[in-house]
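Dear colleague,

I am passing on the structure we spoke about, together with some notes on what turned up in it. Please open it alongside this message, so that you can follow the residues as they come up.

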Amino acid sequence: AGAHPSARAIPCPRAAPPDMLCIPGGAFALGDPTFAGLSRGQEDETVPLPERLVVLSPYFLDEREVTVGTVRSLLASGAFKASLVERSDDVSKERGACTYTAAPGAFESHPINCITALEAEQICAALGKRLPSEAEWEFAAANRTSETQFPWGASEDYCAMSVISRSRSILEASDSSDLLFGASFCRTQPPSAPTKPWGPVPVTSETMDRSACDDSGRCLAFMGGNVAEWVADGFASYDAPCWQGFPLRDPKCPTQGATYRVVRGGSWSSYGYESRAHWRQVHTAKASPSVGVRCAASM
């Protein structure tokens with residue numbers, strides 16, 4: 001292991017920008033042979049996730065999810081222009097979990113959510129960055145070559161480790177997908193009487209959901225939960241041409257012509273198993289209160 005040149009860690013040639021971490025390049029096995037993933041090749045078909053060898057160049061990744069405060073500053077400067085979905089005071093509505101409000105000072109440290117895939121791309125571009133590829137995201141979430149099952153390691157107690165699975169009533173735990181995956185929920189009451197915060201928490205919150213830590217002890221936060229995150233790829237099943245090659249070098253599946261986009265990571269509203277580092281979600285490009293953004297940067 002590590003003897004082949006492409007398997008050796010490739011250090012970042014310069015220090016990471018503020019609030020970003022260096023993710024050294026190298027080789028890893030993308031995918032998870034022990035689990036199953038959703039494919040839109042055929043509607044709702046469950047297919048195995050075959051591992052494949054991927055070689056990545058070094059890159060930088062945001063330590064935390066992009067915040068409302070950051071986006072509000074971009075809007076004020078004109079660097080980013082959009083009419084974002086605003087939060088509703090009614091938590092029974094979907095917009096009740098959106099974090100953006102036009103009033104300054106509110107939810108500044110919360111991750112921005114309720115943004116489209118295009119808006120996520122524009123936010124990162126306005127910051128001089130880009131969306132990470134699906135492979136880059138997984139490499140960092142799985143602690144690079146350690147390839148852990150969850151961003152925090154092996155523990156399956158996701159309720160204790162991250163902000164996930166807080167939106168569902170315990171009555172919903174009887175559906176077939178929960179029986180199939182052994183899912184449980186981290187809340188037992190509906191949003192009218194929440195036992196835990198409704199929606200995501202500030203990105204500065206203490207968390208055990210930490211991954212890809214550097215030598216100084218800085219880590220990526222909330223790769224497993226809080227909000228799921230847009231990545232740069234259009235959705236393609238793992239038998240598509242963009243996933244072929246040995247090894248695959250810096251792969252990214254095109255968005256042009258793709259019906260769906262890929263979202264990575266679990267969220268405050270998702271099933272607990274979606275916090276697995278290898279789990280991929282299929283989304284339309286529309287805004288959702290469960291999806292935010294974390295930016296990357298090339299060397």
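Below I go through the cores, the salt bridges and the aromatic pairs in turn. Please keep in mind throughout that this is a predicted model.

Nonpolar cores

The largest nonpolar core is made up of 30 residues, and those with the most contacts inside it are Ile 23, Leu 61, Leu 220 and Trp 243. At least two residues of this core come from each of strand S1 (20-23), strand S2 (26-30), strand S5 (52-56), strand S6 (59-62) and helix H3 (134-141), and it is H3 that gives the most, with five residues. Another core, of 21 residues, lies apart from the largest one, and Val 66, Ala 228, Trp 230 and Ala 232 are among its members.

Salt bridges

The structure holds nine salt bridges, and I describe some of them here. The side chains of Glu 63 and Arg 218 meet in one of these, at 2.9 Å from N to O; Glu 63 sits in the loop between S6 and helix H1 (68-77), while Arg 218 sits in the loop between strand S7 (210-211) and strand S8 (220-221), so that the pair links parts of the chain 155 residues apart. Glu 63 is buried, with a relative accessible area of 13%, whereas Arg 218 counts as partly exposed, at 31% relative accessibility.

Helix H3 comes up again here. Glu 134 forms a salt bridge with Arg 264, with the closest N and O atoms 3.1 Å apart, and because Glu 134 lies in helix H3 and Arg 264 in strand S11 (residues 261-264), the pair ties together parts that are 130 residues apart in sequence. Both Glu 134 and Arg 264 are buried. Glu 138 also forms a salt bridge with Arg 264, the closest N and O atoms being 2.9 Å apart, and this pair ties helix H3 to strand S11 across 126 residues of sequence.

Beyond residues up to four places away in sequence, Glu 138 touches Phe 28, Ala 29, Leu 30, Gly 31, Arg 264, Ala 277 and His 278. Taken together, Glu 134, Glu 138, Arg 264 and Arg 280 are linked in a network of salt bridges.

Aromatic residues

The structure holds five aromatic pairs. In one of them, the rings of Phe 150 and Trp 152 have their centres 5.1 Å apart and their planes at 10°, so the pair is stacked; both residues are buried. In another, the ring centres of Tyr 273 and Trp 279 are 5.2 Å apart and the planes stand at 75°, so this pair is edge-to-face, and Tyr 273 and Trp 279 are likewise buried. Tyr 273 and Trp 279 also form one aromatic cluster with Tyr 271.

With best wishes

Technical notes:
Residues numbered from 1 in each chain as written. Predicted model: local features only at pLDDT ≥ 70, side-chain atom pairs only at ≥ 80, totals over all residues. Heavy atoms only, no water. Core = buried A, V, L, I, M, F, W, Y, C linked by side-chain atoms within 4.5 Å. Buried < 20%, exposed > 50% of the residue type's maximum accessible area, 1.4 Å probe, protein only. Helix = DSSP H or I, 4+ residues; strand = E, 2+ residues; numbered from the N terminus. Contact = heavy atoms within 4.5 Å. Phe/Tyr/Trp six-rings, centres within 6.5 Å; stacked < 30°, edge-to-face > 60°. Salt bridge = Lys/Arg side-chain N within 4 Å of Asp/Glu carboxyl O.
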